[in-house]
Amino acid sequence: MRKICAEALGKIGVHAKEAVPELTALLKDKNSDTRKIAAEALGKIGAKAAVPALTKGLKDKNPEVRERCANALWKIANVTAMPTKTGPQHADNASFQCTLK
């Protein structure tokens, strides 16, 4: 249900800014699909208040969540998140480093 709500809020876009605190809380959800959708929704809403939580999401254990957080940061704050390897040469072990443009 949380995932469906986050997806709906993302479709509403900038008019759903009131939901940003709830969506940033979902970035800590135990379900990685919910975290992915929350990050995507935050990017579509474009609230700068979400930047700190999305930056923390760049270290999520799930590579798809990290990617969605990086994309959201780019949309919100023109932040480029470059992958950096943190272990063996596998995409699953990539972390991200942010650079403001």
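Visitor: Is Cys-5 buried, partly exposed or exposed in this model?
Guide: The model is a predicted one, and the relative accessibility of Cys-5 in it comes to 40%. Buried would require a value under 20% and exposed a value over 50%, so with its 40% Cys-5 is classed as partly exposed.

Visitor: And is Cys-69 buried or exposed?
Guide: For Cys-69 the relative accessible area is 0%. Because buried means under 20%, a residue with that value, Cys-69, is buried.

Visitor: Which residues touch the most other members of the largest nonpolar core?
Guide: This core has 24 residues, and the elements that each contribute two or more of them are α2 (20–26), α3 (32–45), α4 (51–57) and α5 (63–77). Leu-54, for instance, has contacts that include Leu-27, Leu-42 and Cys-69, once residues up to four places away in sequence are set aside. The members that touch the most others are Leu-23, Leu-27, Leu-42, Leu-54 and Cys-69.

Visitor: Is Ile-45 buried or exposed?
Guide: Ile-45 belongs to helix α3, and, leaving out residues up to four places away in sequence, it touches Leu-9, Gly-13, Val-14, Ala-16, Lys-17, Val-20 and Leu-23. Since its relative accessibility is 1%, Ile-45 counts as buried.

Visitor: Which residues does Thr-34 touch, not counting those up to four places away in sequence?
Guide: Thr-34 is also found in helix α3, and with a relative accessibility of 5% it counts as buried. Apart from residues up to four places away in sequence, the residues that Thr-34 touches are Arg-2, Lys-3, Leu-26 and Asp-29.

Visitor: Which element gives the largest share of the lining of the largest pocket?
Guide: The volume of the largest pocket is about 150 Å³, and its lining is made up of Thr-24, Leu-27, Lys-28, Pro-52, Ala-53, Lys-56, Gly-57 and Asp-60. The largest share of the lining, four residues, is supplied by α4.

Definitions and conventions:
Residues numbered from 1 in each chain as written. Predicted model: local features only at pLDDT ≥ 70, side-chain atom pairs only at ≥ 80, totals over all residues. Heavy atoms only, no water. Buried < 20%, exposed > 50% of the residue type's maximum accessible area, 1.4 Å probe, protein only. Core = buried A, V, L, I, M, F, W, Y, C linked by side-chain atoms within 4.5 Å. Contact = heavy atoms within 4.5 Å. 1 Å grid on protein atoms, 1.4 Å probe; cavity = no way out; pocket = protein on both sides within 12 Å on 5 of 7 lines; lining within 4 Å. Points joined across faces, edges and corners; volume = space filled by probe spheres on them.
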